[in-house]
Structure formats: C-alpha cells, structure tokens
Amino acid sequence: MALKFEVLGRFNRARAAQLTLPHYLCQTPLFMPVGTQGTIKGLTKNQLEEIGCQIILGNTYHLALRPTSELIDELGGLHKFMNWPRALLTDSGGFQMVSLLHLADITEKGVTFQSPVDGKPMLLTPEESIQIQNRIGADIIMALDDVVRTTITGPRIEEAMYRTLRWIDRCIAGIYVSEVWLNVICLGIYAIGGLAGGEDKDSFWRVVAQCTAALPEDKPRYVMGVGYPLDIVVCSALGADMYDCVYPTRTARFGTALVPEGVLKLKHQAMANDIRPIDPMCECMVCKNYTRAYIHCLVTKDAMGSQLLSYHNLYYMMKLSRDLHSSIVEGRFPEFVCKFLQTMFPKGDVPEWVCNAMEVAGIDISSCCREMRFDVDKSSTL
C-alpha cells in the first residue's frame, strides 16, 4: 500500500488531513493512546475500535525486554499478537534515556540500559532500534534519538542535537530495504520531541510554533508526549497533526475524568451522592450507564473504576480529535476553538500563553478572554 499524507482542509496554520497507513486510513489531527507493552490498560481491542481509536503507540524498549521482539515476530508481528487491526506506531526507545536515566549509559555507539527485569545490560543502538521495530511490524517507526530533559542547559543540549542527527543517518541505513519501508522513508513523519518535560508553557508553544513554521507542508507533524486537551487544541492551531501521551489513562487510574470544563476528580467525597453521569453531554458507554456516585465507590476500591474512567477519557480524546478534524474541514475551526476555551475558562481567564499562541495562529479569541495581553515577538520564525 502506498503511504501518503493528504491535507483536506486548512485554517491559517491548522490543517486537517488524511494519513494513509498499511493498516488504517487515519484522519488528523489525531491522538494516539499509549499501549506500552501491546495493551491499553483495562480496555479490550473491541472497546478501542468502538471509541474510534486509529493508532496505538507501543514501546520499543519494553517490548524488546518482554515478550521480546523475536517472539512477536515469530507470532506474526504485534498486530496479530495483540489482535489489533488498525495502525500501530512504535517509539524508538529514546525516551527511556530520560525516564530510566538511572539505568542508562549513553555513548556515541548507543545507550546501554540495565534491564529492570533481570538486571542484565542491554545495548540499544540506532540500528538495533530499527531492527526491533521492524520485527514488531508497526505502521510507523521512529528513529532513535539522544533525548535530554527540556530543563537542561549547556553543552549537553548541543551534544544531543548533533548525535541525534548522526543517529538518524544510522537508522535510515539500518532500515530493511523493501517497498514498504522505502515508502515510510519517503513519507517522512516529522516528530517534535523533548517537550512536555517540565518546561514553562510559554516556551512550549513557541517551540511548537517555530518547528511547524519550518517543517514541510506536505508531511505529518507529530508532537510527542503531549496529551492535555488544551495543549492539543493549541498545537493543532499552530499546525501540528499527531499526539501521544499516557495522561488520559494514567489520570483515570488516579480517579480523574476528562470533561469539557477541565477535569472531574471522582475520588472527592462530593461525588459520593452525585447521580449525574461524568459528563451529561457525553455519548460514551460509561456516561450512558453509570453515575458519578457509582464510579466514586469503585475508584477507591475496585479496578473496574479505573477501567471505566480510562474508557471515558479515551472516548473524550477520540471525540476531541474528530471535532478538530471536522471543524477545520467544515471551515468553523475558530468557532470550535472559542467554544472550547469558553467552556474550559467560563470566567474568561484564558492563560496568557494560550492567548499569545492563538494570536500567532491567526485565531481571534477576544470573546473568550477577560483581558488580552499579548507580548508575542512577531518575527518570521513564528
């Protein structure tokens, strides 16, 4: 199958597109839930299809450790192994250089991890990362990068940047040369990584804006590790297309639901006698069948509580993706953004960083904001 990216609609920087992958025809902007070891915790593949999930993200490092990429390959690839008919994306293992830094030793050759499973060393090189991802058989594979925290300063940043460029060349050289993988190389999804790691929001949106302004118009742009709904709306306005994060399911396991107004904490005692659904306007199975009081009872005692909240939260994220796509295609994106912000910030206290980002995106949100204070450097880089 020929892989391609076709823009279907635009509003200034924002775009809605169709991404053709071997296993699925995807609509962007889109959010990808994280299934670290080939599963979204608490949800079946039928439920994921039911809520409209298009792509699941798998973790190269963790899948290589257990059950191993060799076993996955022997059993027909990750799609068959987990019985998932739609698209898969595997990360490169690079993020573990930050999340498991205490277990990692980074050199020009690659990164050596101490396995959290058996303590044995595991060398992950750019070539090996690609080979592992080939065996896993994802629709989209990522190049191994030298990842550092966004809050780090000094020469380590420059070292990581140039090493990543060298590693990309090694990753491309290590790709199995077949028609499919040549198409993947030609497709060229551009990832904006290293964000959502503790940097301030003003720096966050400016980096996204600068990257999307410089990247090719005919290629997908993937902002890695971003999962807050507000961040996704802002990044989409700035021209990004794809996102992933553990946030919707991880926050569900802590008893928190995503709602248009922000979040709803189901563990709070105020929920104990509340017979309303999580979100009265939500059409998901959870909101149609269960009350806040029932889920409150579960989240403090039973695993089913986190499962129901994970279902609801991912439904919310899939609907947000669909709404972003349709509003751009139908020419009503500014109205969608204003309604989204008015619901989340009914007092008009939209954060200044959001106001500044929207001005760069060419979207007038003055009706949503109590006070507009712009300090944007309107240079050509934005």
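Guide: A polar contact is a pair of N or O atoms within 3.5 Å; within protein, one must be able to donate a hydrogen and the other to accept it, and residues adjacent in sequence count only if both atoms are side-chain atoms. This is a predicted model, in which local features need pLDDT of at least 70, side-chain atom pairs count only at pLDDT 80 or more, and totals for chains, interfaces and linings use all residues. Residues are numbered from 1 along each chain as its sequence is written, and side-chain values use heavy atoms, with hydrogens and water left out.

Visitor: Which residues does UniProt list for "active site"?
Guide: The listing comes from an unreviewed UniProt entry; positions follow the numbering used here, feature names are shortened, and annotations may be inferred rather than shown by experiment. The listed residues are spread over 154 residues of sequence but cluster in space, with a largest C-alpha distance of 10.5 Å.

Visitor: Is D91 buried or exposed?
Guide: D91 sits in the loop between β6 (87-90) and α5 (96-99). Buried means under 20% relative accessible area, exposed over 50%, and partly exposed in between (1.4 Å probe, protein chains only). Because its relative accessibility is 10%, D91 counts as buried.

Visitor: Which side chain does the side chain of D91 join in a polar contact?
Guide: Contact means heavy atoms within 4.5 Å. Not counting residues up to four places away in sequence, D91 touches G58, N59, T60, Q96, Q133 and M142. The polar contact, at 3.2 Å, is with N59.

Visitor: With which side chain does the side chain of D244 make a polar contact?
Guide: D244 lies in strand β13 (residues 242-245); strands (E, at least two residues) and helices (H or I, at least four) are DSSP runs, numbered from the N terminus. D244 is buried, because its relative accessibility is 8%. Beyond four places in sequence, its contacts include F31, M32, L57 and M224. The polar contact of its side chain, at 2.6 Å, is with Y222.

Visitor: Which residues in α10 meet those of α9?
Guide: By class, the contact of α9 with α10 has five nonpolar, no polar and two charged residues. Ala, Val, Leu, Ile, Met, Phe, Trp, Tyr, Cys and Pro count as nonpolar, Asp, Glu, Lys and Arg as charged, and the others, Gly among them, as polar. From α9 come K201, F204, W205 and V208, and they meet D231, V234 and C235.

Visitor: What is the relative accessible area of T107?
Guide: T107 lies in the loop between β7 (104-106) and β8 (111-114). Leaving aside neighbours within four places in sequence, T107 is in contact with R163 and W167. T107 is partly exposed, with a relative accessible area of 34%.
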